[in-house]
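User: Please take one part of this predicted model and look at it closely. I would like to know what packs against it, and how the parts around it are arranged.

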Amino acid sequence: MTHSLSKKDKPTEADIAYEVLKAQGNPMHYQNLIEEVLRRLGISQEAIRIAAALTQINLDTRFTFIGRGEWGLKVWEPAKVPRRSPAVALMNRASLDEDDKLDTEELEEDSLDDDSSESDEVFDETDEGQRGEKW
C-alpha cells in the first residue's frame, strides 16, 4: 500500500529551517540558512523563493533574530527574568541622621525664600520706557 503525503503533511520552509538550526546547534546567517533549506527541499534559489522562505522564518515564533543577519531558535534564549531590586540592597542603604535631615530642610527653605524675594519686584513698563534703560 502506497501512502502519499498530503500538502498538509509536507514540511514548510520554516519546518526545515527549524531542523537545520536544531542540528547545527548554533545561530546561522540567514543566507546560509535559506540556502540549506531550499537545497533540502529541492527548490531553485530564485529571489522570490528566498524572500518567501525568509518571510516564513520571520513570522514563525520558533525563531529569533540574533542580529547581524543571524537567526537562532527561541528555545536557545535564556528565560527573561524581571529586574527587581533585591530587598537586601534596600536594608543596607545609609540613612541620614536627624541633624542632616534638618539641615537639608533648612537649605530648601532658604533657596525658596531667595527666589521668592526676587519675584516680589514689580516691573512697570511705563516707568522703564521713560528712563530709557535697557535690560
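**Helix 1 and its surroundings**

Analyst: Glu13, Ala14 and Ala17 of helix 1 are in contact with Arg49, Ala53, Gln56 and Ile57 of helix 3. Sorted by class, the residues of this contact are four nonpolar, one polar and two charged. The axes of helix 1 and helix 3 lie 8 Å apart and form an angle of about 70°. Angles of 65 to 115 degrees count as roughly perpendicular, so helix 1 and helix 3 are roughly perpendicular to each other. The coordinates come from a predicted model, and every value here is computed from it.

For context, the protein chain holds six helices and three strands. Starting at the N terminus, these elements follow one another as α-β-α-α-β-β-α-α-α. Of the 135 residues in the protein chain, 18% are buried. Among contacts with a separation of 6 or more, 51% join residues 24 or more positions apart.

Helix 1 itself covers residues 13-24, which is 12 residues. At 1.5 Å a residue the helix should span 16 Å, and because its end C-alpha atoms are 16 Å apart, the model agrees with that expectation. Just after helix 1 comes Gly25, with a positive phi of about 85°.

Which residues of helix 1 are buried? They are Glu13, Ala14, Ile16, Ala17, Tyr18, Val20 and Leu21. As a general point, residues three or four places apart in an α-helix point the same way, because there are 3.6 residues a turn. The cover over the buried residues of helix 1 includes helix 2 (30-41) and helix 3 (47-59), together with strand 1 (28-29), strand 2 (63-67) and strand 3 (70-73).

Helix 2 is the next partner to consider. From helix 1, Glu13, Ile16, Ala17, Val20 and Leu21 take part, and they meet Leu33, Glu36, Val37, Arg40 and Leu41 of helix 2. That contact has seven nonpolar residues, three charged ones and no polar ones. The axes of helix 1 and helix 2 are 9 Å apart, at an angle of about 115°. Helix 1 and helix 2 are therefore roughly perpendicular to each other, and the crossing of helix 1 past helix 2 is right-handed.

The two partner helices pack on each other as well. Between helix 2 and helix 3 the angle is about 105° and the axes are 10 Å apart, so this pair is again roughly perpendicular. Helix 2 brings Tyr30, Leu33, Ile34 and Leu38 to the contact, and helix 3 brings Arg49, Ile50, Ala53, Leu54 and Ile57. Eight of the residues in the contact of helix 2 with helix 3 are nonpolar and one is charged, with no polar residue.

Outside the four places on either side of it in sequence, Leu33 touches Ala17, Val20, Leu21, Met28, Ile57 and Trp71. Leu33 and Trp71 are 38 residues apart along the chain, and 8.3 Å separates their C-alpha atoms.

Met28, one of the contacts of Leu33, belongs to strand 1. Is Met28 buried or exposed? Its relative accessibility is 12%; buried means under 20%, so Met28 counts as buried. Beyond its neighbours up to four places away in sequence, Met28 touches Val20, Leu21, Leu33, Gly69, Glu70 and Trp71.

Most residues other than glycine have a negative phi. Arg68, which is not glycine, has a positive phi near 55°.

Note on methods:
Residues are numbered from 1 along each chain as its sequence is written. This is a predicted model: local features need pLDDT of at least 70, side-chain atom pairs count only at pLDDT 80 or more; totals for chains, interfaces and linings use all residues. Side-chain values use heavy atoms; hydrogens and water are left out. Helices (H or I, at least four residues) and strands (E, at least two) are DSSP runs, numbered from the N terminus. The expected span of a helix is 1.5 Å times one less than its number of residues. Buried means under 20% relative accessible area, exposed over 50%, partly exposed in between (1.4 Å probe, protein chains only). Contact means heavy atoms within 4.5 Å. Axes are lines fitted to C-alpha atoms, for helices over the stretch in contact, and angles run from 0 to 180 degrees between N-to-C directions. Angles under 35 degrees count as roughly parallel, over 145 as roughly antiparallel, 65 to 115 as roughly perpendicular and the rest as oblique. A crossing is left-handed if the near helix is turned anticlockwise from the far one by less than a right angle, and right-handed if clockwise. Ala, Val, Leu, Ile, Met, Phe, Trp, Tyr, Cys and Pro count as nonpolar, Asp, Glu, Lys and Arg as charged, and the others, Gly among them, as polar.
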